[in-house]
Amino acid sequence: MAAPLICPSILASDFSKLGEEVRALDAAGADWIHVDVMDGHFVPNITLGPDIVKAIRPHTKLPFDVHLMVAPVDPWLDAYRDAGADILTVHPESGPHLHRTLGRIRQLGAKAGVVLNPGTPLTVLEEVVELVDLVLLMSVNPGFGGQSFIDTSLRKIERARALLDAAGSKAHLQVDGGVTSANAAACVAAGADALVAGSFVFKGGPDAYAANIAALKA
Ligand code: DX5
Ligand code: ZN
């Protein structure tokens, strides 16, 4: 089994020194930087805007994987792309025209991702599979870091993997929420190839980032 891509969520980082944190993650072997954007409306928490993404962009060449928990999302796509996002991932509930939104993301030259909440059926994916470069399955309800992995997510990962394979899709299958060394291997066995992790990567401070990332890959 190939090692998964590890995408640390900077939601769990020290916001007073985001640039340093991003450089430390790069040095520690992160594959992508996962940026959680929350608007206090689509989810009950507020994080950061495009200016912050722009400010940290010069600190690494790693892809910025921007998870937009914002509604309506369409008015924000250009700003996050201009700020340096490489992947823009959207929830189907964050706008009335998912198909159009995904098309717009690709038109901007970014990779398009769709993210499904624990309560959102996988069938949404059937309609847009050809428009996505990444499928993100939430293994917690979005809004906060540090929540526990919902175990039924494993079965959903398997079903998503089957759907992508049947469609001949090469899209990444990413999992987000409560990912630790205790469930990472099960996620990969179920068919995931990219793992988001916040609390797990950041525990122990910068000196521990490399070991924590390695533990997720192992
Ligand atoms: C939740 C976010 C996740 C979260 C991951 O809304 O999308 O990226 O921060 O954090 P942990 O790994 O702590 O669950
Ligand atoms: Zn996320």
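**Entry 1**

I started with Val-115 and looked up its bridge partner in β6, which is Leu-136. The chain gets from β5 to β6 by way of helix α5, residues 123–128, and I noted this β-α-β crossover as right-handed. The two strands, β5 and β6, are parallel and share 4 bridges. A reminder to myself before going on: this is a predicted model.

**Entry 1: how covered is β6?**

Next I wanted to know which residues of β6 are buried on each face. On one side I found Leu-134, Leu-136 and Met-138, and on the other Val-135 and Leu-137; all of them are buried. With 5 of its 5 residues buried, β6 is largely enclosed by the rest of the structure. I also kept in mind that side chains in a regular strand alternate between the two faces of the sheet.

**Entry 2: on to β7**

I then moved one strand along. β6, residues 134–138, pairs with β7 in the parallel sense, and I noted 5 bridges between them. Helix α6, residues 153–166, carries the chain from β6 across to β7, again in a right-handed β-α-β crossover. I looked up two of the contacts by name: Leu-134 has His-172 as its bridge partner in β7, and Val-135 has Leu-173.

Is β7 mostly covered or mostly open? I found it mostly covered, since the count I have for residues 172–176 is 5 buried of 5. His-172, Gln-174 and Asp-176 lie on one side of β7, with Leu-173 and Val-175 on the other, and all five names went into my notebook as buried.

**Entry 3: β8 and the way there**

My next stop was β8, residues 194–197, which runs parallel to β7 and is joined to it by 3 bridges. Across from Gln-174 I found Ala-194 of β8.

Leu-5 stands opposite Ala-194 in β8, and Cys-7 has Val-196 of β8 as its bridge partner.

**Entry 4: the whole sheet**

With those pairs in hand, I stepped back to the sheet. In what order do the 8 strands stand? I wrote down β1-β8-β7-β6-β5-β4-β3-β2, an open sheet with parallel pairing. At the edges I found β1 (5–8) and β2 (33–38); each has a single partner strand, so one side of each is left without a neighbour in the sheet. From one strand to the next, the twist averages 25°.

Helix α4, residues 98–107, lies across β4 (87–90) and β5 (111–116), and its direction is at about 150° to β5.

Where does a cis peptide bond turn up? I found one joining Ala-71 and Pro-72, with omega about -5°. Pro-72 lies in the loop between β3 (64–69) and α3 (77–82).

**Entry 5: around ligand 1**

I finished at ligand 1. How many residues surround it? I have 21, and the closest are Ser-9, Pro-142, Gly-145, Gly-198 and Ser-199. Which elements each supply at least two residues of this shell? My list reads β2, β8 and α8 (199–202). By type, the shell around ligand 1 divides into 8 nonpolar, 11 polar and 2 charged residues.

Technical notes: Residues are numbered from 1 along each chain as its sequence is written. Chains are lettered from A and ligands numbered from 1 in the order in which they are written. This is a predicted model: local features need pLDDT of at least 70, side-chain atom pairs count only at pLDDT 80 or more; totals for chains, interfaces and linings use all residues. A residue is buried if 20 or more other C-beta atoms lie within 10 Å of its own, exposed if 12 or fewer, and partly exposed in between; C-beta atoms are placed from the backbone. Two strands pair if DSSP finds at least two bridges between them. A crossover is right-handed if, with the strands pointing away from the viewer, the path from the first strand over the helix to the second runs clockwise. Axes are lines fitted to C-alpha atoms, for helices over the stretch in contact, and angles run from 0 to 180 degrees between N-to-C directions. Two residues are in contact if their C-beta atoms, placed from the backbone, lie within 7 Å. A residue is near a molecule or strand if its C-beta atom, placed from the backbone, lies within 6 Å of it. Ala, Val, Leu, Ile, Met, Phe, Trp, Tyr, Cys and Pro count as nonpolar, Asp, Glu, Lys and Arg as charged, and the others, Gly among them, as polar.
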